[in-house]
Amino acid sequence: MSHHAAEPTTLRERLAAWVAHLEHVLPAQAPIRNFVHHNTLHGLQHLPFPEALAEAQRITGARPWLEESRCRELLAEGRIARADLEAALDESLAGDEVADLDTEIVPGGRIRDVVLIGLLHDLSPVSAARLQWLLHESDALTRPVSGGVQVGDLPALWQACGDVLGLQPAPQPASELEALFRTPAESMDDEGGAEDDAGWQIGARALWSMLVGRLGREWTLSALLERLTGENVLEEVRPTLIRHLAAHLDLGMSSWRNPKRAQGFYAAWRASAAADIGWELDEWLAAREEIARLPDDPLETIERELMHLGPDEAHWGDYLERLALELPGWSGMFLWRDRRGGAPGAGSGDEAPVPVAMADYLAVRLVLERVCCEELVHRIWGLPLFLSELGDHFLFHPAELKVRHDFFAGLLDEADAHEARRLIAGDPDTAHWERLAAKIGTRRYSREPQRWPLFLLSQHLGLDAAALRAAGPATADALLDALGRLDATARGFVWLQAYERHYREQIFAALTRNHGRRVPAGDVSAAPAAQCVFCMDDREEGTRRHLEEVNPAIETFGAAGFFGVPMYWVGLDDSAPTALCPVVVTPANEVREVPVAGAESIAASRRVRRALRLEWQNRLHRATRDGTLSAPLLAMLAAPFGALAMALQSLAPAWLGELLRRRREAFDRPLATQAAIGGDRQAPLAANARAGFSDDEQAERVAGFLRTLGLTQRFAPLVVVVGHGSNSLNNPHAAAYDCGACSGRHGGPNARVLAAMANRAEVRARLAERGIVIPDATWFLGCEHNTGDESIAWYDLAALPAARQADFDALVRDLGEATRRHAIERCRRFASAPFAASAPPAAGRALRHLLARRHDWSQARPELGHATVATAFIGRRTMSRGAFFDRRAFLISYDPGDDDGRILEAILLAAGPVGAGISLEYYFSTVDNPRFGCGSKITHNLTGLFGVMEGASSDLRTGLPQQMIEIHEPMRLLVVLEQTRAVVSAIYHRQPPLQELIGNGWIVVAAKEPESGEISRFDPVRGWLPWSPSAAEVPHARDSAAWLGTHREPLPPALLVPEGTPC
Amino acid sequence: MLNCIVEALALAGTLLPLVVALPLMGALAIGARLVAGVHGDDSEPATAGLARGAGLASLLLLAALSVGSFAATAKGTQAFGEWFAAPGFAVNLSFASDTQSLLLALVVAFLGWVTLVFSTNYLHREAGFHRFFLAMCLFLAGMQLIVLSGNAVLGFIGWELCGLSSWLLIGFSDERPLATGNALFAFLANRIGDAGFLLAIGLAYWWVGSAEWSAIASGSLPETVKARMLALGLVTAALAKSAQLPFTPWIARALEGPTPSSAVFYGAVMVHAGVILLIRIEPLLLQVPDMMIALAFAGLATAVYGWLCGRVQSDVKSALVYATVMQVGLMVAACGFGWFEFAAWHLALHALWRGYQFLMAPSYLLLAPRPASLPPSLTQNVPLYTAVLQGFWLDRLARGLLLRPTLSLGHDMRRLDDRVIDRLLGVPQESHRGLAMSGNGVAGRALTVLSEWLQLVEDRLVLQSGGGAMTRGLRRVGDAIRVLEGLLEEPRYLMLMVMATFAVIL
């Protein structure tokens, strides 16, 4: 103690390092209203993809690959082809091992074949019970395995498998009667010979040092004890801990918080736990006093408890990590707040920050761990909690250790397990324990489990009994060795690569066939009818494709949805600023929405009326929940309205939703506003931000934006910037449907601000100086596309020049038609949409369906978000225009001819992490939804306004809900860049963040030569791999609707060839 | 003209049992589909349609009947025949058709239908989709039986249907041990109330000669003692079902199920069943004023408890459920004060509002009502805060007093089985296997089993006696008796003995 007390800073520093390390393993999800997609394994991004996933599996126990049975289903459905699997196998066993793969083990059976059979079919060993069933109840011995070769006599083959593995037949009792007379005790005596005694006892003692050695590195003490007693000691205290945690982190649910909350979690918990007579009720008599006597400093407590719990000091950090991972969701939220000084997160109103320190949390966890383990050790063994004492106990009772360990590790067969259960339930007689331990200890490990895989493999290879016997035991071993060639990680990765390859081939083929196709945009030298800039979002791929089909004279662009304008936005009704830009960016400017000149009086009245409306809404919901006498009174008054709302929600959700929306807007008094882009008289609300943008800043933003797009000439009369957002009811995860490039918010304001900037004469003058001449006839407009119901809200129409009115009207018509067609396309993926087998719904019905989804309080899937996103194209629109990509592609506009690589570099740095974050979060939430995702929405319970639990005392659930990922195809994002390989390589070598993302394989990158259209894929190890098109034809269709038909499954890319045009 | 309507409505009155039968038939049909193994997206509309159809039909029927009941003169109970009868014991198929019952049933049917519509989308693609609708139909049938039954037996069947479906839905996510554990807790806690209900039914037949509500509640029991016993059973049942003190902890654990079922069970409908029962036995309660005082006390205590506990909850479902508990406490208190009519109105209106609020629970991020501030004198007290956060440890007490002794009892029984009975016979169960004898049909198989068993006993005790099995057996009996003696000295067995004695003398 004195040694550590002499240098207290050391522990503090070490603790800081441990806590910092926790960021690598805990979920880093912000409070749920700020939900932003990010790589679930962001903390492991410094590792190569397969290694990182294996590490995640080791740490968290979650399965980072798609289940193999599901992969085989995909193979059967044609989403993966056999050729893909073979190619992926070659690729994953790169280098010298490939040659080895062609070694022939048996005639016609190379290692490659065996490995492939092992992937294509389930050849895993089966349990003894299942084997019995397969042999005696199923037709495994009479019918050849499906997909195998006829090998004749199956029982003979089964026998041969046993023989080559050197298995002896089990001794059969001479008669039924004899079996009856052999009691378990007697048969035990027969087997447990005295001469074997020493062996298992030494083994058991070694077992203890092995178990203790894993303490800290892999296990906490409670986990170790769980392996010896089957009891999780924290089960009892976890609900209370969660209650304390939720209360401490609460952002505004409860009105009564721990009185000591301001002193931090440790102090608050300690005060309450020391006053908690629950300990006595659980018969833990000393716990309360001990808690009261704990040191005030959490650090001191951490040190004391760690010394008491007994892990090796070198593994203290690991021990804390294991501890934190027992409730990953709560630990992660605690850490998130810790890292941000306890801040509740942007936009959560008037909540004062409370101190949130990870050390507090860890100290509490350690105390609970110790108290609970102490109780358990005392209850079961009557010992104090010291590892040495427990070790001594097992030194004298090795049989007990052996039996307990093997039983809880599930190593015992049924009869032994029954006996063990009996002993563990309470048998003080050492002789009984020793008898069973000796019996377990002398049991030889049998190769029986390998017999079934060998049996199946022989059938797949066409080996009959005679051939197998002839091949001999060595060959059988070689076969089984080849079968086990790939470990779980390698298998998962092969399947993933095969899955990715299948879709990638289709994309590459479509892009290649689309290269240089005459795009039906009419005369390219003439200015287009309009230019629309959408967000890069995959959901806009459909909108853009339909808009171009409706009017080929319209050009579309894609850009990250903050449109190059990072800013704090204060909407007319907002009380706090919101950052509208990617999460990694901190804005320097703040823009307010203000009433237009002359509307100030309306604005004032609007403020009053709106506040009144919200106040009453608040009062109603609050008082009926926590009022005393007002609660029954108000609830009774409100009941008829509640009943009416329920009835209408059930019968006509869309009608009710629209009615309420209109009534609300009318009550608040609608008001014309403008964005005060040049700043306002008022001081900015956001700290460290300036009000508005200066003229130079504005010009810089607009120029940067236009250059990034490659839109610097041939301006159309109307340039429309389309932000997006989504609305839904009853949806805690609503932010996950909004614009990822705007930190999970609606991106309309960014579009509005950019358009307003680009229309100003001062800005245009400065742009002209920089070589971007926007004609006077060109007008910029901002709007917001609702990806839920496909509606479009326009901004600042009053300023539209009269000369552009006709163009605008035409554009609105075209956009309306495009969104109607898009609505039909979207309906095909909704099970409840009015989508008959014979024909898709009419546009009106489809739109009404989408509107109803948005307003329906029972709709857990208001839309499908980014589900199915698989690829990103960075290049000119000609690259993908006229082809169908099933709403699965991020589309980012970029002109390769106008660039030395700097623009592409900037795009990659901004859009790369956003796209990768979205795709990887969907990937992980899909492959293991219960652990990487947050499970089904239907049992979610909103907690503290920052997260969801299942029921009232579960871990905090992070990741995406099951409802968002059902139709997702989990694969890594394929990013196709339209640029030469040389330029891309140069960027790659300049940028460490991109080396991490691409070099470690978190995204897959390919380059398409701007001139020749040749595509090469980048492999981190082997460099550029040129892609050669296969002979397979890319499908054609007249237009999107024709290609979609009545299909509801994922569709491959196709070329859209309007009638009368050459392909 | 008016006569025609009145006649038509009277005719409709004969359809009253359909209100219960329709959801029951829906449940049966869905159960048949489940057995047939339907699955996939395409199977969902039919299941949801069956449930919604049944719900809507009973809702419309009740609407018609409620309108009719204002016009018609016939009120009270209608009998639709006899279910079964024995001397001194008859169960009628009787239903209450007074306006109040019909209106309450209308509220139940409305909330049930809304929840079914809500769940159609909400539970899309859940593994337990069909199971959910089956349980919801059972619940609706059970709840309507509670509201509309003309006698205690039918009411009890409804009571049990609600308990069963509630258990099924708390444990909806059957892959989560916490959910199934809590389902069991809620189920067991409700068994105490059920015992009270059963006791009351027995007493009613014994003393009153009938279980018709009208007979039970008519005041035909001159002795207050008997009336008090009868009321005690029913009041216990009511307090348990409505999660009143001391039974409140179960409802806080019941929030594991899907949001719509949490809403309709613990927010809006089932939690009110106890109050409905109290309203039903109003005349009986009026006979025993001390019971009324006890009710008022329990209700007020629960209201205070619910209010305090609700203040510290940081998750929306718990916050809402404690708000519900508080209001139901007020309703129980109102019954205690004799304001049954008011309690009925409060109940119906509260059910409607809370149902709406609970279904909107996922929107709390948006509604986010700012909590009211409380006086510092209350909130600065750490021991009080801890007590409230822990729900005054009722949960722990219940575990200590009920759950653990029950588990220990089970544990001891198994040990008795393992140590004494198995060893006496010395039989591992596996040795039945392989005996050549077998019989056909139920009788044949029963004979086989019997003969196997006899043979085993014979083998063990007689044939092996030379090997000392008999002597060993006798020695083991001695051991066993000593163990038993030891066990009997433990307090829980003493308690058990005392309870058994009481059961006999009562």
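Helices and strands are DSSP runs, helices of at least four residues and strands of at least two, numbered from the N terminus. The structure I am presenting is a predicted model.

I shall begin with chain B as a whole. Its secondary structure comes to 23 helices and two strands. Chain B has 506 residues, of which 54% count as buried. Its accessible surface is about 21400 Å², and 71% of that area belongs to carbon and sulfur atoms. Consider next how the chain folds back on itself. Among the contacts in chain B with a separation of 6 or more, 76% are made by residues 24 or more positions apart.

Helix H6, residues 152-170, and helix H7, residues 177-208, each supply at least two residues of the patch in chain B. B:Leu184 belongs to helix H7 of chain B. Its relative accessible area is 43%. Because buried means under 20% and exposed means over 50%, B:Leu184 is described as partly exposed. There is a general point about helices to keep in mind here. An α-helix has 3.6 residues a turn, so residues three or four places apart point the same way.

My next topic is the backbone of chain B. Most residues other than glycine have a negative phi, and most peptide bonds are trans. The loop between helix H9, residues 224-241, and helix H10, residues 249-252, of chain B holds B:Pro246. The peptide bond from B:Leu245 to B:Pro246 is cis, with omega near 5 degrees. B:Ala243 is found in the loop between H9 and H10 of chain B as well. This alanine has a positive phi of about 55 degrees, although it is not a glycine. Is B:Ala243 buried or exposed? It counts as buried, at 0% relative accessibility.

Helix H9 of chain A spans residues 154-164, and its buried residues are A:Leu154, A:Leu157, A:Trp158, A:Ala160, A:Cys161, A:Gly162 and A:Val164. What covers these buried residues? The cover includes helix H8 (128-136), helix H26 (451-461) and helix H27 (465-483) of chain A. Just after H9 of chain A comes A:Gly166, with a positive phi of about 75 degrees.

A positive phi also occurs at A:Ser743, which is not a glycine; the value is near 55 degrees. A:Ser743 sits in the loop between strand S10 (718-725) and helix H34 (748-759) of chain A. At 12% relative accessibility, this serine counts as buried.

Another loop residue deserves attention, namely A:Arg804. It lies between strand S12 (792-794) and helix H36 (805-827) of chain A. Its relative accessible area is 15%, so A:Arg804 is buried. Leaving aside neighbours within four places in sequence, A:Arg804 is in contact with A:Pro717, A:Leu718, A:Ala777 and A:Trp779. A polar atom of the A:Arg804 side chain lies 2.8 Å from the backbone oxygen of A:Ala777. By contrast, A:Arg804 and A:Ala314 are 73 Å apart in space, C-alpha to C-alpha, and 490 residues apart in sequence.

Finally, I come to the interface of the two chains. The contact takes 91 residues from chain A and 94 residues from chain B. About 8400 Å² is buried between the chains, and carbon and sulfur atoms give 59% of it. How many salt bridges are there between chain A and chain B? The count is two. In one salt bridge, the side chains of B:Arg176 and A:Glu950 meet at 3.7 Å, N to O. The interface also has 31 residue pairs in polar contact. On the side of chain A that touches chain B, the largest share, 13 residues, comes from helix H31 (residues 630-651) of chain A.

Beyond its neighbours within four places in sequence, B:Ser318 is in contact with A:Ala952, B:Leu255 and B:Gln313. Its relative accessible area is 5%, so B:Ser318 is buried. Thank you for your attention.

Key. Residues numbered from 1 in each chain as written. Chains lettered and ligands numbered in written order. Predicted model: local features only at pLDDT ≥ 70, side-chain atom pairs only at ≥ 80, totals over all residues. Heavy atoms only, no water. Buried < 20%, exposed > 50% of the residue type's maximum accessible area, 1.4 Å probe, protein only. Contact = heavy atoms within 4.5 Å. Buried area = accessible area lost by both parts, 1.4 Å probe. Salt bridge = Lys/Arg side-chain N within 4 Å of Asp/Glu carboxyl O. Polar contact = N/O pair within 3.5 Å; in protein donor to acceptor, adjacent residues only side chain to side chain. Areas by Shrake-Rupley, 256 points an atom, 1.4 Å probe, with all protein chains shown as cover.
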